[in-house]
Amino acid sequence: MCDEIIVMYGGRVCKRGTAEDIFYRPHHEYTKGLLRSIPNVDRIGEKLIPIPGTPPDLLKLNSGCAFMPRCSKAMKICKDYMPCRTQFSEDQYCSCWEYCKDSADKIVQEQSAAVNG
């Protein structure tokens with residue numbers, strides 16, 4: 001029904017790609033959580049797997065990734081800095097520090113240097 005999907009969380013784009021990308025290469029933990037919560041006729045009677053935690057208060061978002069409090073792979077940098085966008089193909093990207101750890105390490109080092117003078 002659609003060629004492109006944009007997954008948003010807390011009013012921010014966290015994943016963009018074709019329908020095939022989203023369903024077979026979800027990358028972002030929120031997208032993975034959404035896919036785990038879809039009923040499946042092959043698993044009738046099994047409980048759905050909910051995303052842990054509660055949705056964010058959109059009036060009190062942190063300056064970093066809105067999904068951080070609910071993410072099993074969250075890092076310290078996720079709280080204070082918006083994740084970089086990692087391009088996987090011309091049509092697919094994900095905004096998550098998990099895929100740009102080198103940039104995260106650089107920001108942490110710069111912040112540490114600034115604090116320590």
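**Entry 1: a surface patch.** I began on the outside of the protein, where Ile6, Met8 and Val13 make up a nonpolar patch with about 240 Å² of accessible area together. I am working with a predicted model, so I keep that in mind throughout. I then looked up Val13 and found this residue in strand β2, which covers residues 12-18.

**Entry 2: aromatic pairs.** Next I went looking for rings. How many aromatic pairs are there? I noted a count of 4, taking rings as paired if their centres lie within 6.5 Å. One of these is formed by Phe88 and Tyr99, and this pair is edge-to-face, with 5.3 Å centre to centre and 85° between the planes. I traced where the partners lie: Phe88 belongs to strand β3 (residues 85-89), while Tyr99 is in the loop between β4 (92-95) and α4 (101-116). The pair therefore ties together parts that are 11 residues apart in sequence.

**Entry 3: a ring cluster.** Which residues do ring pairs link into a cluster? I wrote down Tyr9, Tyr30 and Phe67.

**Entry 4: a charge over a ring.** Last, I turned to Arg85. What does its charged end sit over? I found it over the ring of Tyr93, 4.1 Å from the ring's centre.

Notes. Residues numbered from 1 in each chain as written. Predicted model: local features only at pLDDT ≥ 70, side-chain atom pairs only at ≥ 80, totals over all residues. Heavy atoms only, no water. Patch = residues over 30% accessible without salt bridge, like charges linked within 9 Å, V, L, I, M, F, W, Y side chains within 5 Å. Areas by Shrake-Rupley, 256 points an atom, 1.4 Å probe, with all protein chains shown as cover. Salt bridge = Lys/Arg side-chain N within 4 Å of Asp/Glu carboxyl O. Helix = DSSP H or I, 4+ residues; strand = E, 2+ residues; numbered from the N terminus. Phe/Tyr/Trp six-rings, centres within 6.5 Å; stacked < 30°, edge-to-face > 60°. Lys NZ or Arg CZ within 6 Å of the ring centre and 35° of its normal.
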